[in-house]
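I opened this entry to keep track of what I looked up, residue by residue and then for the whole chain. The notes follow the order in which I checked things.

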Amino acid sequence: MARRPIALVTAAVLLLEAPGIVAINAVMARFVKAQSMSLDGLDPDAMYTGTWALGVTSGVLLLLCALVPLVAAIRDRRPGRAGRALLIGCAVVHGVLGAVAVGLLGWAAFAFLMVVVGLIVLTLVAYGEPKADAEGAAAAA
């Protein structure tokens with residue numbers, strides 16, 4: 001079955017996406033600091049620090065999400081409950097970001113985010129039921 005390559009591609013895409021998110025937030029933080037931007041009277045230094053914190057946190061979470069399909073591909077077993085929950089959350093966030101990105105950045109960004117959602121969902125579906133449960137259900141039928 002092709003589930004190992006699917007999981008490896010998913011892990012690679014998420015691993016490549018993590019530094020990209022950090023870099024985008026670094027650029028936004030520089031703009032905030034250089035222009036001394038403020039949102040409704042908030043301190044520009046707090047905005048700068050918050051943008052960096054969001055970027056680093058998002059990057060770390062994407063790396064954590066990338067580890068789940070990587071470990072699943074290496075072991076050729078489905079992720080545990082926490083790993084599946086992490087991947088589902090990652091897919092939901094990418095879906096919401098895709099809906100926002102289509103209006104702000106265009107269809108290319110939307111298409112990329114939907115490809116990532118598709119890879120995550122395909123990884124979850126490929127590693128569906130454990131083999132013991134599937135064999136037991138087939139024997140019962």
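I looked up aspartate 76 and found it in the loop between α2 (44–75) and α3. For helices I took DSSP runs of H or I of at least four residues, and for strands runs of E of at least two, numbered from the N terminus. The phi of aspartate 76 is near 55°, a positive value in a residue other than glycine. Most residues other than glycine have a negative phi. Aspartate 76 counts as partly exposed, at 24% relative accessibility. My cut-offs were under 20% relative accessible area for buried, over 50% for exposed, and partly exposed in between, with a 1.4 Å probe and protein chains only.

A note on the source: this is a predicted model, in which local features need pLDDT of at least 70, side-chain atom pairs count only at pLDDT 80 or more, and totals for chains, interfaces and linings use all residues. Residues are numbered from 1 along each chain as its sequence is written, and side-chain values use heavy atoms, with hydrogens and water left out.

Next I counted elements. The protein has five helices and zero strands, and from the N terminus on they run α-α-α-α-α. The radius of gyration is 19 Å, well over the 14 Å that the globule rule gives for 141 residues, so the protein is more spread out than a compact globule. That radius is taken over C-alpha atoms, and the rule is 2.2 Å times the number of residues to the power 0.38. Along the principal axes, the C-alpha atoms fill a box of roughly 65 × 25 × 25 Å.

I then went to the loop between α1 and α2, where aspartate 43 is found. Aspartate 43 is partly exposed, with a relative accessible area of 43%. Its C-alpha atom is separated by 44 Å from that of alanine 72, 29 residues apart along the chain.

Arginine 3 gave another kind of pair. This residue is found in helix α1 (residues 3–34) and is buried, with a relative accessible area of 14%. Arginine 3 and leucine 124 are 121 residues apart in sequence and 9.5 Å apart in space, C-alpha to C-alpha.

Which residues does arginine 84 contact, leaving aside its neighbours within four places in sequence? I found Arg78, Pro79 and Leu124, with contact meaning heavy atoms within 4.5 Å. Arginine 84 sits in helix α3 (residues 81–104) and counts as partly exposed at 23% relative accessibility. From arginine 84 to aspartate 40 I noted 44 residues in sequence and 39 Å in space, C-alpha to C-alpha.

I searched the whole structure for disulfides, pairs of cysteine sulfur atoms within 2.5 Å, and found zero. Cysteine 65 is in no disulfide, and its nearest cysteine sulfur, that of cysteine 90, is 3.8 Å away. Cysteine 65 counts as buried at 5% relative accessibility. Cysteine 90 is also buried, with a relative accessible area of 7%.

Last, I noted the totals. Buried residues make up 28% of the 141 residues. Among contacts between residues at least 6 apart in sequence, 66% join residues at least 24 apart. The protein exposes about 8,700 Å², of which carbon and sulfur atoms supply 72%; the areas come from the Shrake-Rupley method with a 1.4 Å probe, and for residues only the protein chains shown count as cover.
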